[in-house]
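I am opening a notebook on a structure that is new to me. I shall write down what I looked up, entry by entry.

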Amino acid sequence: MAASLRNKIVDPEDAARLVPRGGAVAFAGMGGTAYSKAFVKALKDRAEREGPLDLAVYSAGTTGPEHEESLAAAGIRRRIPYGASSPATKRLVNEGGFEACDMSLYKYSRLLRLGVIGVVDVAVVEATAVFDDGLVLSNSVDAAPAMVEAAEKVVVEVHTAKPVLHGLHDIFYPEPGRGVPPLESVAGRLGSRLLKIPWSKLAAIVLSREGEVGSRHYRPPDSMDARVAENIAEFLRGEAQRDPRIRGRLSTLQPGAGLVATVLADYSGDLGFRVRIWGEVAPIQWVARLGENVEAVSASVVYSVSGDEGLWSWFFSDYGELSGRLVLRPYEVTNSPEVLTRFYHMVVQQAIEVDIYGHANVSHIDSRLYAGVGGSVDHAWSSYLTILALPSITSKGIPRIVPLTAHVDSTEHDVDVIVTEQGWADLRGLSPRERAESIIDCCAHPSYADGLRRYLEKAGREGGHQPTA
């Protein structure tokens, strides 16, 4: 770090004073990793002394409970998008304590970078080093480049306990008329290994050693998650035998986020095709299988779930060996429709519930915002094959295959296959009534299947192309 930059190092409390009361602050970090720790706690402490700060918060995705609790204590008036993982922020948003807007992360990053959805006073980005010509980011790129471009000022929180992860990142902005150049491989590169930043924007550097435990938003996988993952693997094996495109060099897979995605990694060598991960997120279990049946991984973030924390010591010690096969990119590339449609891209997305016609609710329980179950509508929109995966019932026995969903995040147009621990329903080319019959027969829990059939029969008597009762 140059001497001219060293004098930017300040205490977190001094950096927190850069955010104006009633201002807007953007936090990079996604998947329970690579998010601000020291700075956001200093914001909370400032609010405890001065009163609520009334902030508009731009997030990159789900962070961690301690980050969320600090934000809640600091005082929020608005948050875009919503990806909270803490009971404190969930309670606030559902009680009307702040306004929240959920958005697809590709569109969000683009609109934020272009200044369409608001002005950012301060962007806070975790890095592992500050070089004279740019930042070495952490194990997440997410929306950090868009936030830096949009912000008036930038605070860099350097995580000194992590190694300098130089070589893992590829920072590139697609622009109208320019687009994204063709990639020769999933691990191909388009831009810079460093996040370029106008030094006139760099307002402060904060040092932090606070550890991460991965995404505590997810409990450890259980036997039902394992059965869902086994059924996904069996379906994909059959598809690979039937469809040579899946066995070809242009096939890619997003295993999704969360429990099923993590367990599915156990089947990576038994899918019938060479796996190339192209995802919004990459579970560390999949990264650990690089060199086995996983050829390359391209994602915005590498994250872990409960039980996988021990893999971080391996990742941070061996990251240099991964740099030719693991690439971390901004959302504007990983989630770009232009890029996704170049591949035969297969997507696994999870949901809170799905109805008998295939509409998926990923974000709400009844009328209450929940979010964070795993998946990406960006990838579902542009995929060759979208698999919606979920257990047919909750741990309390509540059905997750329902007549009509409480909220729709992915419509039936974007869902090709539904998989539960009971089996799978291939919905491609089916009418709504045919879809309903297949979902009930193949995916619903036996305790609720007859009730769903009665609903479909009653709705059918009412008539309509997609009948409802």
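The entries below go from the whole chain to single residues.

**Ground rules.** I note that this is a predicted model, in which local features need pLDDT of at least 70 and side-chain atom pairs count only at pLDDT 80 or more, while totals for chains, interfaces and linings use all residues. Residues are numbered from 1 along each chain as its sequence is written, and side-chain values use heavy atoms, with hydrogens and water left out.

**The whole chain.** I looked up the secondary structure and found 17 helices and 23 strands; helices (H or I, at least four residues) and strands (E, at least two) are DSSP runs, numbered from the N terminus. The radius of gyration is 22 Å, close to the 23 Å that the globule rule gives for 469 residues, so the chain is as compact as a globular protein of that length. Here the radius is taken over C-alpha atoms, and the rule is 2.2 Å times the number of residues to the power 0.38. Along its principal axes the C-alpha trace spans about 70 × 50 × 45 Å.

I then looked up burial, where buried means under 20% relative accessible area, exposed over 50%, and partly exposed in between (1.4 Å probe, protein chains only). Buried residues make up 60% of the 469 residues. For contacts, meaning heavy atoms within 4.5 Å, I noted that 73% of those between residues at least 6 apart in sequence join residues at least 24 apart.

**The nonpolar cores.** A nonpolar core is a set of buried Ala, Val, Leu, Ile, Met, Phe, Trp, Tyr and Cys residues joined through side-chain atoms within 4.5 Å. Which residues of the largest core touch the most other members? Among its 83 residues, they are I232 and L326. Helix α8 (residues 223-242) gives the most to this core, with 7 residues. Not counting residues up to four places away in sequence, I232 touches V260, L264, V348, I387, A389 and V419. I also found a second, separate core of 27 residues, which includes A15, F27, L71 and V93.

**Aromatic pairs.** Rings of Phe, Tyr and Trp (its six-membered ring) pair if their centres lie within 6.5 Å; planes under 30 degrees apart count as stacked, over 60 as edge-to-face and the rest as tilted. My search of the whole structure gave 8 such pairs. In one of them, F235 and W424 have ring centres 5.9 Å apart and planes at 65°, so the pair is edge-to-face. F235 lies in helix α8 and W424 in strand β23 (residues 423-426), so the pair ties together parts that are 189 residues apart in sequence. F235 is buried, at 4% relative accessible area, whereas W424 is partly exposed, at 28%.

Y344 lies in strand β15 (residues 344-350) and Y384 in the loop between α15 (377-382) and β20 (385-389), so parts 40 residues apart in sequence are tied together. Y344 is partly exposed at 29% relative accessible area, and Y384 is partly exposed at 31%.

**Helix α6.** I asked how many residues of helix α6 are buried. The count is 7 of the 9 (residues 105-113), so the helix is largely enclosed by the rest of the structure. The buried ones are L105, Y106, Y108, S109, L111, L112 and R113. G115, which follows α6, has a positive phi, near 80°.

**Backbone details in loops.** The peptide bond from I80 to P81 is cis, with omega near -25°, and P81 lies in the loop between β3 (76-80) and α5 (87-94). D54 has a positive phi of about 60° although it is not a glycine; D54 lies in the loop between α3 (38-50) and β2 (55-59) and is partly exposed, at 39% relative accessibility. D142, also not a glycine, has a positive phi of about 40°. Is D142 buried or exposed? At 1% relative accessibility, D142 counts as buried, and its place is in the loop between β6 (134-137) and α7 (144-150).
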